[in-house]
Amino acid sequence: MLIALSMLIFLMLRLAPGDPIDAYIDPNIPMSPADLADLRSRLGLDQPLPLQYLGWLQQALTGNLGYSIKRLDQPVLGLVLSRIGPTVLLMGTALVFAVIAGIAFGVISAVRRNSIADLSLSIVALAGISSPAFLSALIGLYVFSVRLHWMPSGGMLTPGEEFSIGDLLHHLILPAALLSVAQGALIMRYMRASLLEVLNQDYVRTARAKGVHKFWVIAKHALRNALLPIVTLVGSTIGLAIGGAIFIESVFNWPGMGLLLVDAVQTRDYPVIMGATLIIGACVIVVNLLTDITYAVVDPRIKVG
Amino acid sequence: MLARSPQSRSPGPLARAFERFLHNRAAVAGVCIAVPMLALILSYPLWWTFQPNDIDLLAMNSGPTMTHWFGTDGVGRDVFARVLEGGRISLLVAVASTALSAVIGFLFGAISALAGRWADAASMRFVDLVMTLPPVIFLLVLASIAGTGIWPTVIVISLLSWPLLARMIRSRLLELRERDFVMAARGMGAGIGHLLFRHGLPNSIDILVVYATLQIANAILLEAGLSFLGLGIAPPAASWGNMLNAARSTAVLEQYPWQWLFPGAALILAVLAINFIGDGLRDAFDPRAELN
């Protein structure tokens, strides 16, 4: 799967009009054709496509994803790896926010069904799902850092200051909260629907009839079953979250994979695009696998294999 | 007009779907937002005094006034005209890319359903492959190849969007293939073209309509996202996305909020309205919805 994916991306990138070498040449300095050919062979761009692909694959398997065309000294793998940390931090925090808020609001909304709280939460969720990440990022940036001055407007750390956890958290909260909006809203809607369905089941009525307090019926009996679809949902929204992260990172100047990829696309830095896309693809495949496994662990009714 | 008594003839499936659609309040609200917006976007050159690229040097970065309803941007262009022009371009990109992706998706799904086991397996693996990557990543990779401008953006978005439709069409046609009337048609020597366009197309028209509506909203968002990153519609052409892109400069974000709030609001309204209509259509075409 991963190899097929890499082949597809490689082919697409090489079918691109324009020469990758353009990104490397300074247009103000004239170069002789001989110099050009020399540079081309140094970068390995003069070989036929399948050979280029095989050469790349062989190197990739040993952990060498090549070098950035744009920044010649930097190996792609190192570049990508240095960006994974911030992105995982951002997405992980956002996921925690989204899960907590989504489940809590979903439960409130299902228990107090058709109340004013339910209605207003549903409207907020709808707005959250339909506003694209870049727009909510702009609005959040405007409200919280421009108008209220609560949060810094970008970056991961204050430049020139000692590293401290507090500073990092201060920079992290706003982008993570904004990234969690879409996912949280989606989780809330599913949580509401699935809890409502569970609450209508016989065993919940039995528990109520036995005199179990309403809170414990929901917390112990209903919630466990209602959470099952959420596990799948969280796995399948990872793609959505990665997409959102790209926009959030580029608005907040967060030094993660998304920013790296956008920069690479703008400068046509093929090795970096390839490496970053491949790593993201691999992560998505692994996350999907993990979701399936978790689902089988959480729900004993599902048999593995 | 002949008066029909309700007993003599029950309404056809389309009439019933239409009735269900009218009973869906969100969908009707969507129509009520989308139709006036569409009318404004299409007719604005006839009644609005400013053109989207007209420069008013006496009013640079001016806030909303009576002459410039939505204010002006940094070089004195009227934001109202640019929002409407941006709507035109967004709509053009959305409709064109939806049409293109519907054609690709339908043909791909049809081939995979009707052209035998190997074609099916190969094309569905390909669809799986395309769907593995998060859409935005795929979009970026494609955009890096295609470059900026209206038609590259259309192609990028349609190349991204067809796999979902191909899957839905495939499953519909697989079911259809086993029906008696299709068997009869094949028995009488109908070719693949006849099967596709005489039987396949009319029987999957509901899927196509719902897909097209929801995909237009989706394409508007994708276009805005691409332009926001500077990879879609390039200035000076107006688009909601590249107007929002201007807000990435702190000065615009802080001091001239009307330059990005209005295109943002237009974007959300349009997408919400179209999504409501699409959901309404889906429920209206689904016979099971009547049970609820």
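At what angle do helix H10 (residues 228–236) of chain A and helix H13 (residues 270–298) of chain A pack, and how far apart are their axes?

Mentor: This is a predicted model, in which local features need pLDDT of at least 70, side-chain atom pairs count only at pLDDT 80 or more, and totals for chains, interfaces and linings use all residues. Residues are numbered from 1 along each chain as its sequence is written, while chains are lettered from A and ligands numbered from 1 in the order in which they are written.

H10(A) and H13(A) pack at an angle of about 170°, and their axes are 9 Å apart. Axes here are lines fitted to C-alpha atoms, for helices over the stretch in contact, and angles run from 0 to 180 degrees between N-to-C directions. Helices are DSSP runs (H or I, at least four residues), numbered from the N terminus. The angle makes H10(A) roughly antiparallel to H13(A), a label that applies over 145 degrees.

On the H10(A) side, the contact is made by Leu228(A), Val231(A), Thr232(A) and Gly235(A). H13(A) contributes Val287(A), Asn288(A), Thr291(A), Thr294(A), Tyr295(A) and Val298(A). Two residues are in contact if their C-beta atoms, placed from the backbone, lie within 7 Å. By class, this contact divides into five nonpolar, five polar and no charged residues. Ala, Val, Leu, Ile, Met, Phe, Trp, Tyr, Cys and Pro count as nonpolar, Asp, Glu, Lys and Arg as charged, and the others, Gly among them, as polar.

Another helix of chain A is H9(A), residues 214–226. H9(A) has 13 residues, but its end C-alpha atoms are only 16 Å apart, short of the 18 Å that a straight helix would reach at 1.5 Å a residue. That expected span is 1.5 Å times one less than the number of residues. The buried residues of H9(A) are Ile218(A), Ala222(A) and Ala226(A); buried means that 20 or more other C-beta atoms lie within 10 Å of the residue's own.

In the loop between helix H11 (238–252) and helix H12 (257–267) of chain A lies Asn253(A). Its phi is near 55°, a positive value in a residue other than glycine. Asn253(A) is partly exposed, with 13 other C-beta atoms within 10 Å, a class that falls between exposed (12 or fewer) and buried.

As for confidence, chain A averages a pLDDT of 76, and 74% of the residues score at least 70. pLDDT is the predictor's confidence in each residue, from 0 to 100.

Conventions:
Helices (H or I, at least four residues) and strands (E, at least two) are DSSP runs, numbered from the N terminus. Angles under 35 degrees count as roughly parallel, over 145 as roughly antiparallel, 65 to 115 as roughly perpendicular and the rest as oblique.
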